[in-house]
Amino acid sequence: MSQPAWPLRDAEHLLVSGSQMAELEQQLFASGLPVEALMEKAALALTRRLQQPDWWPQLQQRGALVLVGPGHNGGDGLVVARELHLAGIAVRIWSPFERHKPLTGAHLRHARWLGIPEMSGAPDPSDPAVWIDALFGIGQSRPPGEALEALLEQRQRMQPGRLIAIDGPTGLCADSGQLLGRVAACAALSLSIGLLKQGFLQDQALAWVGQLERLELGLPAPLLQGLGHDQPLALLDRDLATAPWPQQPEAASKYQRGRLLVIAGSEAYRGASQLCLQGASASGVGSLRAALPQPVAEQLWSVQPHVVVSASLEAHPSGSLQLAGLSESVLERLDAVVLGPGLGGTTATETAAEASRWDLLQRFPGLLLLDADGLNRLAHLGAAQWLQGRQGPTWLTPHAGEFARLFPELANQPPLLAASAAAKVCSDQQPCSVLLKGARTVIAAADGRRWQLREACSAAARAGLGDVLAGYAAGLAARGGGDAALLATSALAHAQAGLQAAQQRGLGGADPMAVAHGLQRQELNTTHTKQME
């Protein structure tokens, strides 16, 4: 039975493909809503957005050139051109197409009747006006062609930051975020009409999309309810207030607030274990234990005296790890284990020498979070086969390279599809959830639920940041269980801590330690701590 959707499955959070948006529009038209009415509604919302202080002065000073396509995206642009013209903005239009859809053609005739200048030849890419890209929108499936690509490329070189895209830049797939040809229009602002198109959030699209905003279209709730439970949801900063945070009784002891073991670090990567433990501490977990390299263990009392070193972590001459003190009886007293940050690489032969420890972890009924070199070892074991035998829930937190080693057959799929497919194939007796790291991280549950971060701080993308996330997520799991929604909560809180660190300390100050400290402070800003007041 699937868990309740979080956050709300509303227009603010839903991520759709271009084809899904077109299907929703067709349902509206079938209900009796005229196509003309929806176009007018969308274009007027676009115009209101352009009248905001960040763009209106530029439009007044420089004017606007609307690039008009043959379909309804071009029609949206023509209505915007009409409204800007009537508001006194110097507007021109350019459409390099002989034929247009009937409604777009009608708006083009009206624009001519109004006296809006129409260019007969290709515009000068150094034109100082603000360009409004209304060429293709979400219906793109083919490259725009060399002539258009060259024009848009020159535009960005000569007038960077002066292009606004309506429902996505020309040359960019709204479903995958991939380029359809050689280049795309490089937008300073992309306005996604009605719902966010999932392609615009993908890492490879960010350089072309620029600032991404959703324009409210007032879509009726019954229309959105037809989308399945596996429809991806965008996670926003305010969703932390309603996130499924772990809750413990007022009288809960330290052991009732979660028991976590961190297995991390090596001679080469001593700091990884410290960062992972910092993240775990920020989660509020009650009992925190660690298996660490001896040099780290000897100094731990002076920096994190609350951590109990319960096992030593040493490399055997064969290269495999020896976890002295790790046994089934130890695991029985834990709610979660995180393994991997900073362990160091190993070969398939060396991983095989660790077989007895991996057998213990496979039988462990609590949550197992595998990160970094834990994932690389799992790749040697055969990820899907090993995970299908797990006796408890598992969370995987790979970046793209680690994901490719785990699931080479899925590596070329878009992140939303790849993470979901991996979660499903690895789940048998117990669920496996996948957090696929990126500029806009994706989280997928075994039952099909999917989430993607709406924003994150690129300046926080540094070595050690993933170690903090691994410890923090595992700590929350020790307190609240292994449902994927809690993993998504971890990712959102972690991203927001990075953004806050950059805002408070500058881009250079958004380091992993600052993120860990931000995660500790973040509880003060979420409703789940009100019971502590």
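A disulfide is a pair of cysteine sulfur atoms within 2.5 Å. The views below come from a predicted model.

**View 1. Cysteines without a disulfide.** A search of the whole structure turns up zero disulfides. C173 takes part in none, and its nearest cysteine sulfur, that of C186, is 18 Å away. C173 counts as buried, at 14% relative accessibility. C432 is in no disulfide either; here the nearest cysteine sulfur belongs to C426, 4.8 Å away. The cut-off is 2.5 Å, so the sulfurs of C432 and C426, 4.8 Å apart, do not count as a disulfide. C432 is buried, with 1% relative accessibility.

**View 2. The F97 and F136 ring pair.** Three aromatic pairs are found in the whole structure. One of them joins F97 and F136. The geometry is edge-to-face: 5.7 Å centre to centre, with 80 degrees between the planes. Both partners sit in loops. F97 lies between β3 (91-94) and α5 (102-114), and F136 lies between β4 (130-134) and α6 (146-158). The pair therefore ties together parts that are 39 residues apart in sequence. F97 is partly exposed, with a relative accessible area of 24%. F136 is also partly exposed, at 25%.

**View 3. The W358 and W386 ring pair.** The ring centres of W358 and W386 lie 5.2 Å apart. Their planes meet at 85 degrees, so this pair is edge-to-face. W358 belongs to helix α13 (residues 355-363) and W386 to helix α15 (residues 383-388). The contact thus ties together parts 28 residues apart in sequence. W358 and W386 are both buried.

**View 4. The largest pocket.** The volume of the largest pocket is about 730 Å³. Its lining holds 29 residues, and those closest to the centre are G71, H72, N73, F136 and G139. F136 is thus a lining residue of this pocket as well as the ring partner of F97. Helices α1 (18-30), α2 (35-50) and α4 (72-86) each supply at least two lining residues. The largest share, seven residues, comes from α1. By class, the lining has 15 nonpolar, nine polar and five charged residues.

**View 5. The second largest pocket.** This pocket has a volume of about 610 Å³. It is lined by 29 residues; K437, G438, A461, L465 and H494 are the closest to its centre. Two or more lining residues come from each of α18 (465-480) and α19 (484-505). The lining comprises 15 nonpolar, eight polar and six charged residues.

**View 6. The surroundings of Q58.** Q58 is found in helix α3 (residues 56-62). Its relative accessible area is 23%, so Q58 is partly exposed. Setting aside neighbours within four places in sequence, Q58 is in contact with G63, V130 and R162. A291 is 233 residues away from Q58 along the chain. The C-alpha atoms of Q58 and A291 are separated by 59 Å.

Methods. Residues numbered from 1 in each chain as written. Predicted model: local features only at pLDDT ≥ 70, side-chain atom pairs only at ≥ 80, totals over all residues. Heavy atoms only, no water. Buried < 20%, exposed > 50% of the residue type's maximum accessible area, 1.4 Å probe, protein only. Phe/Tyr/Trp six-rings, centres within 6.5 Å; stacked < 30°, edge-to-face > 60°. Helix = DSSP H or I, 4+ residues; strand = E, 2+ residues; numbered from the N terminus. 1 Å grid on protein atoms, 1.4 Å probe; cavity = no way out; pocket = protein on both sides within 12 Å on 5 of 7 lines; lining within 4 Å. Points joined across faces, edges and corners; volume = space filled by probe spheres on them. Nonpolar A, V, L, I, M, F, W, Y, C, P; charged D, E, K, R; others polar. Contact = heavy atoms within 4.5 Å.
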